[in-house]
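Welcome! Have a look at it first, and then read on.

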Amino acid sequence: MLLPRPVKHCYFHVIVCVLVLLPKSFASVKHGKYHAHDSRNVPCPFYQTVNITDDIRLTNGSVIHDDVVIPPNWIGVYDYVFTNLQTRVPVAPHLRGCICKVRPCVNLCCPMGSQFWSNTSQCEAIDNDFLWPTTINVTQADGTIQESLIAEQFAVVNFRPCLWMYVIRPELDAEDEWHLCENGSLVREFDQAILDIKNYCFVPTTINNKTDSTYILNPAICVDVASDFYGSKIINAYTMLFSVPFMVLTIVVYLWIPELRNQHGKSLVCYLLGLSVGYSLLSFNTLLMDPNIDIILCKLSAYTTYYAFVAAFFWLHVIGFDLWHNFRGSRGINRFQEKRRYVLYSVYAWGMALVFLILTLCAEEIADIPTYLKPGIGIEYCFLNMLSWSPMIYFFGPIIVIVFTNIIMFIMTAIKIHKVQKEMSKIMAREDSTKNLRNEKDRFCLFLRLFLVMGVTWTWEIMSYFVGSKVSWSKIFYVGDVCNAIQGFIIFMLFVMKKKVKELITNRTLSVRSFRYTNSTTLGDTDYRLRFQEVSMQIRRMIIVQSAFANNNQNYHSHDV
């Protein structure tokens, strides 16, 4: 019904295949299935080395680096560096020592006193003064945990393994527990994964996610986008970015066409405005994951995304209520009443979203409540912590209530339409009443399809949240996630590619062109009239001068005779 011709079905399937397969293949090449290789003539991989060009050299060829003696067989000349596991950059030949072959290593993403900046993709010195952590808890062979000085227990290398990384912080989420072993390996508790230094690096993080000056070291882990869980997130991010331009086009059309700027059209525009902002920020937060992102910027983005999504759902609630209200028996609404109703709807939708934002902000930043009840802003990435149950309180709970009430209102509206049709079939209805009912029914069917699309896709999203990613059959929800992400494309096909809307666009375009032509013609006629008047005035002046000259001549000759 939405794509009536086979060729449109074909295009739709091609778009879906590109959206699903291209980001996946791109991600697998960029993260994990392709690794740049070291040269064959070097003693060890680059990530196990340190630059020893300026270090003290002993008579036997050994080099001392940070009180660690590196023997000559572990020293080599490298003419490249790795900015991450996939990017090898040629540089001038220099000496490097395989310090991790001599002493167990830990990996710091950046040297002490510097921080990684995503906009320059390199470590830069930090301007503000703060105490860099010098100790770390180490799990001994007997299972005991001992706080040790990093410089005494380990050799330190500085290498950022991946461009996309996320920080696990057990002080904020118990599932993020990790242990550092004596050999420098990192054990991630929730899946018992053992990671070496090419798969993690330590970054300083604030305690309890606050912007104070007390820092501890936590590991940043490479995002395995080749895995199903993070692969689906990357796919969804690209799909949402694909969907946003269609939302913008729909907004432009509904603001440009006067006939579409009614109550329902303005509600749809507000809904799409919130959804497009939420999709854009959520996509960028997913694709630009950075463990060292400024916490204030991260939270600002997260709260803005949250507000946009919640506002969008309240506008969806407004659409359902307004349809039900129109069929409840009220008729003859004038333009003033429609404007007043739109103002009330705006106060409700944007205001309720603001109330939820304030509650969420207070729960995260102010309220002294258990960690599992906090929204978890900035833990997983710059949004709610979807790995805990707290989003049920702040996000999915309100969505479920709105979807349920909309279902009730749509059912009541459908029942009312059926009753009105039966009554009108028994009596001779006026033509204007029949036309009015038909228009309202068409509008109801259109927004019913919108709600079914939105309701079904978000229901899948909620079910996916409840099931989680660790269940083997959770992959069936990936299709629903993609359908949810392409809502903008679906809405564009529903509300813009209709025959009636395309006719309105054509008429509006022709009227604009006609108006411009009329203006240009009017301006041309005006210029012509002004020019004609000017020439007429010049001719009149010439006639007056000639007449005066002729009279003078007659007077002169008569006197002469």
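Helices are DSSP runs of at least four residues, numbered from the N terminus. Please keep in mind that the model is a predicted one.

**The whole protein**

- The protein has 561 residues, and 43% of them count as buried.
- Its secondary structure is made up of eleven helices and 18 strands.
- Among contacts in the protein with a separation of 6 or more, 68% are between residues 24 or more positions apart.
- The accessible surface comes to about 30,800 Å², and carbon and sulfur atoms account for 63% of that.

- Is Pro 375 buried or exposed? Pro 375 is buried, because its relative accessible area is 0%, and buried means under 20%.
- Leaving aside residues up to four places away in sequence, Pro 375 touches Thr 360, Ala 363, Glu 364, Leu 384, Asn 385, Ser 390 and Tyr 394.
- Pro 375 and Ser 388 are separated by 13 residues in sequence, and their C-alpha atoms are 8.7 Å apart in space.

**Helices H4 and H10**

- Two packed helices are described by the angle between their axes and the distance between the axes.
- For helix H4 (residues 263-287) and helix H10 (residues 487-495), the axes come within 11 Å and cross at roughly 155 degrees.
- H4 and H10 are therefore roughly antiparallel to each other, as angles over 145 degrees count as such.
- The crossing of these two helices, H4 and H10, is left-handed.
- Which residues make the contact? From H4 come Leu 268, Tyr 271, Leu 272, Leu 275 and Tyr 279, while H10 brings Gln 487, Ile 491 and Phe 495.
- By type, the residues in the contact of H4 with H10 are seven nonpolar, one polar and no charged.
- H10 is mostly covered, with nine of its nine residues buried.
- The buried residues of H10 are Gln 487, Gly 488, Phe 489, Ile 490, Ile 491, Phe 492, Met 493, Leu 494 and Phe 495.

- Most residues other than glycine have a negative phi.
- Asp 66 is not a glycine, yet it has a positive phi of about 50 degrees.
- Asp 66 sits in the loop between strand E3 (63-65) and strand E4 (68-70).
- Asp 66 counts as exposed because its relative accessibility is 55%, and exposed means over 50%.
- Asp 67 lies in the loop between E3 and E4, and its phi is near 65 degrees, a positive value in a residue other than glycine.
- The relative accessible area of Asp 67 is 72%, so Asp 67 is exposed.

**Thr 139 in strand E10**

- Where is Thr 139 found? Its place is in strand E10 (residues 135-139).
- Thr 139 has a relative accessible area of 17%, so it is buried.
- Not counting residues up to four places away in sequence, Thr 139 touches Thr 144, Ile 145, His 179, Leu 180, Cys 181 and Glu 182.
- Thr 139 and Val 187 are 48 residues apart in sequence, with 9.9 Å in space from C-alpha to C-alpha.

Note on methods. Residues numbered from 1 in each chain as written. Predicted model: local features only at pLDDT ≥ 70, side-chain atom pairs only at ≥ 80, totals over all residues. Heavy atoms only, no water. Axes fitted to C-alpha atoms, helices over the stretch in contact; angles between N-to-C directions. Parallel < 35°, antiparallel > 145°, perpendicular 65-115°, else oblique. Left-handed = near helix turned anticlockwise from the far one by under 90°. Contact = heavy atoms within 4.5 Å. Nonpolar A, V, L, I, M, F, W, Y, C, P; charged D, E, K, R; others polar. Buried < 20%, exposed > 50% of the residue type's maximum accessible area, 1.4 Å probe, protein only. Areas by Shrake-Rupley, 256 points an atom, 1.4 Å probe, with all protein chains shown as cover.
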